[in-house]
Each structure stands twice: as C-alpha cells, then as structure tokens.
Amino acid sequence: MIGYAFCGSFCTHKKSVEELKKLKAKGYEILPIMSNNVFETDTRFGTAEELIKTVEEITENKVVHTIVDAEPLGPKISLDALIVSPCTGNSLAKIARGITDTSVTMATKAHLRSDRPTVLALCSNDALSANLQNISILLERKNVFFVPMKQDDPNGKPHSLVCDFSLLDKTLEGAMKGKQIQPLFI
Ligand SMILES: Cc1cc2nc3c(=O)[nH]c(=O)nc-3n(C[C@H](O)[C@H](O)[C@H](O)COP(=O)(O)O)c2cc1C
C-alpha cells in the first residue's frame, strides 16, 4: 500500500486527483491523507467536502487527517512509499526542519523512520526564496525524492516552482528503486 497526502496548494488539487486516479488504475492500493488545512478548508477551487468525497471514492479508503491517525504510518502500518502531492512550501519547510504538527508532517516523519521512499510534488511561490534552503536540505536526505519541477511563470512569479504532475508515477517508480528521476529541473 502507498500513502497519498494532500497539502493546501488548493489550485493544484485537480491535477493531483488526476494522478491519484492513474495510480489507482495501475493497481496501487492507496491510503489517502490530508493535512488538517485541506480537510477543513473551502476555497474558490472547491470545498473540502467535495475533495474528501472524490478522494475516498477513488481510493476506497477513508482519509487520514489527524496526527493521531497518521502516527502509526511507519512503525505499525508499513507503506511501500509515501507521496505528498501537492506539497506546499509550508509542509516542505516543516519536513526539512523536523517540525511535526500536522497529519501530513506526522505521516512523513513516521514513514521516513522506516527508511522507505517519500516523493514530494512541490508547488510553492517561495520555492526559490524562503524555501530554497529547505529544498537543498531535502535533496540530501535519504529516501526523499522530488517530482521534477519548473519555474511556471519566471517573470510574473520569479520565486515560484511547480512540479510536473504527469511525472509523478515515473518519479514513484524511480523512488521505489532508490533513484531520483532526472532532469529534476525541467
Ligand atoms: C487558495 C489558496 C491557494 C494556495 N496555494 C498554495 C500553493 O500553491 N503552494 C503553497 O505552498 N501554499 C499555498 N497556499 C498556502 C497554504 O495553504 C498554507 O501555507 C497552509 O498553511 C498549508 O498547510 P499544509 O501544508 O499543512 O497543507 C494556498 C492557500 C490558499 C488559501
């Protein structure tokens, strides 16, 4: 079974859901996880209720959304891999610095304890500013892999990086063999 965690990059949830469907169609058994923010927040991109319903229908599993329910995802419930898609700048920074105060950061910490792969699908407006150091910290961390990313709007949003969600399954396949797919920056 793999874990599939959503963070609050609300504008990319639609793309992430498409990749979730593809992974399910490929035969992966999937445990969905949502950050507390995602589980509770309605935005102009959709309601939390709609997203939860869609994700639970696709995965045929209930969404894990509390620290208490995420804590066993490593020592007790062993996932083959954990995907954080989308991964916000907020969650990336916390994972890099060892802060564990949401369901997603708890799941990641618990999962990394068991030395299995974690895939981060980063989408953040501060990836090339406040979060650049955190990307470099995680690039050097064992068992952490990134979905290839690019500057989505270099002139309008010079500090933003957005991953290419269509490369998620290839990144996962590489990660499960211990390899970061390349090129990392596209
Ligand atoms: C409509 C909307 C869109 C957002 N998009 C992004 C985004 O693409 N990337 C990002 O890093 N944060 C984004 N944020 C900010 C995060 O939701 C915020 O940092 C939140 O604390 C993230 O919590 P989480 O990482 O636990 O999900 C967005 C917020 C809102 C309200």
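Is the crossing of α5 and α7 left-handed or right-handed? Left-handed, as it turns out for this pair of helices. Keep in mind that this is a predicted model.

## The α5/α7 pair

Helix α5 covers residues 89-97 and helix α7 covers residues 132-139; their axes come within 9 Å and cross at roughly 50°. That angle is therefore one that makes α5 and α7 oblique to each other.

On the α5 side, the contact is made by L92, A93, I95 and A96, while α7 brings in N134, I137 and L138. Sort the contact of α5 with α7 by class and you get 6 nonpolar residues, 1 polar and no charged ones.

## Around the ligand

Helix α5 turns up again here: it gives the most to the shell around the ligand, with 3 residues. The shell counts 18 residues, and those that come nearest to the ligand are C7, G8, S9, S35 and T88. Besides α5, the elements that give two or more residues to this shell are α2 (36-40) and β4 (118-124).

By class, the shell around the ligand has 12 polar and 6 nonpolar residues, with no charged ones. The α5/α7 contact has no charged residues either.

## The overall fold

Stepping back to the whole protein, the secondary structure comes to 8 helices and 7 strands. The radius of gyration is 15 Å, close to the 16 Å that the globule rule gives for 186 residues, so the protein is as compact as a globular protein of that length.

As for dimensions, the C-alpha trace spans about 40 × 35 × 30 Å along its principal axes.

Definitions and conventions. Residues are numbered from 1 along each chain as its sequence is written. This is a predicted model: local features need pLDDT of at least 70, side-chain atom pairs count only at pLDDT 80 or more; totals for chains, interfaces and linings use all residues. Axes are lines fitted to C-alpha atoms, for helices over the stretch in contact, and angles run from 0 to 180 degrees between N-to-C directions. Helices (H or I, at least four residues) and strands (E, at least two) are DSSP runs, numbered from the N terminus. Angles under 35 degrees count as roughly parallel, over 145 as roughly antiparallel, 65 to 115 as roughly perpendicular and the rest as oblique. A crossing is left-handed if the near helix is turned anticlockwise from the far one by less than a right angle, and right-handed if clockwise. Two residues are in contact if their C-beta atoms, placed from the backbone, lie within 7 Å. Ala, Val, Leu, Ile, Met, Phe, Trp, Tyr, Cys and Pro count as nonpolar, Asp, Glu, Lys and Arg as charged, and the others, Gly among them, as polar. A residue is near a molecule or strand if its C-beta atom, placed from the backbone, lies within 6 Å of it. The radius of gyration is taken over C-alpha atoms; the globule rule is 2.2 Å times the number of residues to the power 0.38.
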